[in-house]
Amino acid sequence: MENNKPDNVITVEDLSFTYGNEMVLDSLNLSVNKGETLVILGGSGAGKSTLLRLIIALIRPTRGRLTVFDKDINLLSERQLRPMRSRMGFVFQGGALFDSITVAENVGYALRINNPRISESEFKKTVMDILDYVEMTEFYSSYPADLSGGQRKRIAIARATITHPEIILYDEPTSGLDPIVSKRINQLINRLRIEQNITSIVVTHILQDAFEVATRLVMLKNGRLVFEGQSDDLLLSKDPYVQQFVR
Amino acid sequence: MQKAKRLFYHVEQFSRMVGSTIINLPAFIRYHRSTLDQMNHLGYASIFLVMAASIMIGMVLALEWGKKLELFGAKLLMGRIISIAVIRETGPLITGLMLSGRVGASIAAELGSMKQSEQLDAMRAMGADPIPRLIVPRIAATMITFVPLVAIADAIAIIGGWIAAVVWLQTDSTHFWISALDGLFFKDLTIGLIKPFFMGFTIASISCYYGISTYGGAEGVGRSATRAVMACSLAILFMDFLISKFILAFFYA
């Protein structure tokens, strides 16, 4: 079924996900528009990271429909998902950098997947350009073990953006970082939206970071949507859980 | 009921992984660099361990059998008994059990920590299939290196037996070697070298599965490594029995 809203790049309809006997997401409805940064707030175990994993089809929903780029991803095989995934980037909570290869090889990993015959000069130029964008060129030949938490996150963002994806999913991009480094990461997320019109979904439990990057916010509690709106609406919400979270 | 369900789930997932690995096996040529790295890490680095274990086993076999054969005045058969026992049975089995510990734990722990740090998910999220990139090189490397490792183990164990026979049992060196080589036939060598090929596949595939199905943080990685070693050791004993039974029925019927 074709999506009739041209601006929607992701549509979530009546989506549920259970793990064992536990209901992680419960009848969730949500849409993400092109070019926006949607922040998903919520406490631990609210289902935020699970939703990101469902969107990129690392896990499959128990019930409901999840449409990405007008395709119901539940109907796609692992092989059919690959072209769709190449239009998306995922920044994992811990960076998920490959320990055994250099920063350059990590960042250019997707380049080699999409074009196995890429020349070394083109590979180096593309990787250097993206490392320059995240201000990390001096770490070209380093290994992930040599990087700090913030540097790992910036390399992870570089890796997610190298193929010029239309959507980037960020799983707790500032968790465990000091406020200065967090600000740099938030600025990078905003730059990507403004300069490259990338649609972003940012999962976080840090309110200040959410306000810095969000064009729209949603809040999850026990797998259910309890808030959807702008930053100001969140502060004025009468929902007891939202109030507790904001305070 | 719950346990049976979980067992069926794991059997299904393991079968899927093995099926996908077999389909993707030629990918080890494409990822030859990774395969060579794994051959070095899993195979070359195991040589000393295998040699040390084999020489002891060879010596023990010679001492135990030598005393018994002496009672019947059949000490001259010692070379033959040791060479057949080592090449057909003890060499592949001991190498398999040693590698179950070393290779099994190594693969399960490495893939397990990759799973825990979300590296496997990162690979899938970028549109890459972890089977040909991570699992095939490990399985191919184990299968390729297992055969020469068993050949080395066989040779060292027979040498160990010869040392024990000559030094402690006063057996004539020439008689030992004539007896050892006389008792060997081509089919014995074939049996001895078919086993490691299948055993290598078994060890690597079981360890890979335990690695990629790791859950529960650092504790989970340790648990996967331990379970992989246990499962590989049992599977090696079962495979050894199965192959021996099949070959005896097929070649010696």
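In the predicted model, helix H3 (residues 32-43) of chain B packs against H7(B) at an angle of about 50°, the two axes lying 8 Å apart. That angle makes H3(B) oblique to H7(B), and the crossing of the two helices is right-handed. On the side of H3(B), the residues that meet H7(B) are Ser34(B), Thr35(B), Gln38(B), Met39(B), Leu42(B) and Gly43(B). Their counterparts in H7(B) are Pro137(B), Arg138(B), Ala140(B), Ala141(B), Thr142(B), Ile144(B), Thr145(B) and Leu149(B).

H7(B) also packs with H1(B), here at an angle of about 85° and with the axes 10 Å apart. The two helices are therefore roughly perpendicular to each other, since angles of 65 to 115 degrees are placed in that class. Ser20(B), Thr21(B) and Asn24(B) form the H1(B) side of this contact, whereas H7(B) contributes Ile131(B), Pro132(B), Ile135(B), Val136(B) and Ile139(B). Lys3(B) lies in helix H1 of chain B, which covers residues 2-24, and this lysine counts as exposed because it has 7 C-beta neighbours inside 10 Å, where 12 or fewer are needed for that class. The C-alpha atom of Lys3(B) is separated by 46 Å from that of Ala62(B), a residue 59 places away along the chain.

Ala62(B) itself belongs to the buried residues of H4(B), together with Val50(B), Ser54(B), Ile57(B), Gly58(B), Met59(B), Leu61(B), Trp65(B) and Gly66(B). Helix H4 of chain B comprises 25 residues, 47-71, and reaches 36 Å from its first C-alpha to its last, which is close to the 36 Å expected at 1.5 Å a residue. The buried residues of H4(B) are covered by elements that include helix H5 (78-116) and helix H7 (130-168) of chain B. Just after H4(B), Gly73(B) adopts a positive phi of about 65°.

Of the 253 residues in chain B, 46% are buried. Among the contacts in this chain that join residues at least 6 apart in sequence, 88% are between residues at least 24 apart.

The largest nonpolar core has 135 residues, and those with the most contacts inside it are Val39(A), Ile40(A), Ile55(A), Val91(A), Leu169(A) and Ile82(B). The largest share of this core, 19 residues, is supplied by H7(B). For Ile40(A), when residues up to four places away in sequence are not counted, the residues touched are Lys48(A), Leu51(A), Ile201(A), Val203(A), Val218(A) and Leu220(A).

The C-alpha atoms of Leu25(A) and Lys221(A) are separated by 9.2 Å, although the two residues are 196 residues apart along the chain.

Strand S2 (residues 22-33) of chain A also holds Ser27(A), which has a positive phi of about 45° although it is not a glycine. With 14 C-beta neighbours inside 10 Å, Ser27(A) counts as partly exposed. A positive phi, of about 65°, is likewise found at Ala57(A), which is not a glycine either. Ala57(A) is located in the loop between helix H1 (48-55) and strand S4 (63-68) of chain A, and this alanine counts as buried because it has 21 C-beta neighbours inside 10 Å.

Technical notes
Residues are numbered from 1 along each chain as its sequence is written. Chains are lettered from A and ligands numbered from 1 in the order in which they are written. This is a predicted model: local features need pLDDT of at least 70, side-chain atom pairs count only at pLDDT 80 or more; totals for chains, interfaces and linings use all residues. Helices (H or I, at least four residues) and strands (E, at least two) are DSSP runs, numbered from the N terminus. The expected span of a helix is 1.5 Å times one less than its number of residues. A residue is buried if 20 or more other C-beta atoms lie within 10 Å of its own, exposed if 12 or fewer, and partly exposed in between; C-beta atoms are placed from the backbone. Two residues are in contact if their C-beta atoms, placed from the backbone, lie within 7 Å. A nonpolar core is a set of buried Ala, Val, Leu, Ile, Met, Phe, Trp, Tyr and Cys residues joined through C-beta atoms within 7 Å. Axes are lines fitted to C-alpha atoms, for helices over the stretch in contact, and angles run from 0 to 180 degrees between N-to-C directions. Angles under 35 degrees count as roughly parallel, over 145 as roughly antiparallel, 65 to 115 as roughly perpendicular and the rest as oblique. A crossing is left-handed if the near helix is turned anticlockwise from the far one by less than a right angle, and right-handed if clockwise.
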